[in-house]
Amino acid sequence: MSFKRRFLPWIYINFNNHAKRKPTSIIDDENRFISKIVLHQIDSFNPDLKLNHRFLFDNYGFNVSIMPSNLHNRGVFVSKGSLPKNSVVAYYPGTVYSPGEPLFIQSLSNSYVFQCADGKFIDGKHFGISGKIYKSCAHKNMMCGYDTCDLAWMSIDQLLNPLACGQLVNNGGKDNANVSYCEIDIDLKQIRLSQRKFIPNVNYSEPTQYLRMIVLISTRRISEGEEILSSYFTIC
């Protein structure tokens, strides 16, 4: 699998040629709707992964799981049920960097750095320097003894939030992709402090009221057993 279109140098060169975005008013309307879904999911998760899978199936009709893939070592699959078009399929976890914040060292040989349209980046690498920075930011941002972000996604085989696997979605190219990326800013004040441990993102800088997230949205119906595939420049 080639990650070159998501890796920083190629993104800088090709982003304007490949990314297609809708008018701002439509993006805002869609983002508000998607944000409500994400807030509902995060508010409903609990520390038992099996119960979280049950919640997703009972309320949204599907489960996704990390499984071996013919395209790469592993990928993300619909393991139960199916997803209609325009469903929230997964979240892209990692450290959120604003423009100008130090990312160069972490980006070297790192295929998990995702650039947003406004110049923010999310580093979804769970090990090495990237992993250490995420953990450091997570511990720094603890509030009243509560974790304010998800650390479990970094142990890929021990997820608590079953949707925190978007960084493992393989590239199917424009013809085979069944999801697109959608940028949202969630209002942390709408999430109970005890539930923030299911948010798989953390700001590199000081915490703010709004947190950037990337969610993967289905572009067609995806059936049980299908692999979730993206085109790294398809942004809703």
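F55 is buried, at 12% relative accessibility, where buried denotes under 20% relative accessible area, exposed over 50% and partly exposed the range in between (1.4 Å probe, protein chains only). Its ring forms an aromatic pair with Y60 that is edge-to-face, at 6.0 Å centre to centre and 75° between the planes. Rings of Phe, Tyr and Trp (its six-membered ring) are paired if their centres lie within 6.5 Å; planes under 30 degrees apart are stacked, over 60 edge-to-face and the rest tilted. Y60 is partly exposed, at 25% relative accessibility. Ring pairs join F45, F55, Y60 and F198 in a cluster.

The model is predicted, with local features requiring pLDDT of at least 70 and side-chain atom pairs pLDDT 80 or more, while totals for chains, interfaces and linings use all residues. Numbering starts from 1 along each chain as its sequence is written, and side-chain values rest on heavy atoms, with hydrogens and water left out.

Seven aromatic pairs are counted by the ring rule. In another pair, Y134 and W153 are edge-to-face, with 5.2 Å centre to centre and 90° between the planes. This pair links distant parts of the chain, 19 residues apart: Y134 belongs to helix α5, and W153 to the loop between α5 and β7 (170–171). Helices (H or I, at least four residues) and strands (E, at least two) are DSSP runs numbered from the N terminus. Y134 is buried because its relative accessible area is 0%, and W153 is likewise buried at 0% relative accessibility.

W153 is also among the contacts of H126, together with R74, G131, M154 and I156, when neighbours within four places in sequence are left aside; contact requires heavy atoms within 4.5 Å. H126 lies in the loop between β6 (121–123) and α5 (128–140), and its 17% relative accessibility places H126 in the buried class.

Across the protein, six helices and eleven strands are present, and buried residues account for 53% of the 236 residues. In soluble globular proteins, nonpolar side chains tend to be buried together. The largest nonpolar core contains 59 residues, and V38, Y91, I186 and V215 have the most contacts inside it. Strand β10 (residues 210–218) contributes the largest share of this core, six residues. Such a core is a set of buried Ala, Val, Leu, Ile, Met, Phe, Trp, Tyr and Cys residues joined through side-chain atoms within 4.5 Å.

I129, in helix α5, is partly exposed, with a relative accessible area of 47%.
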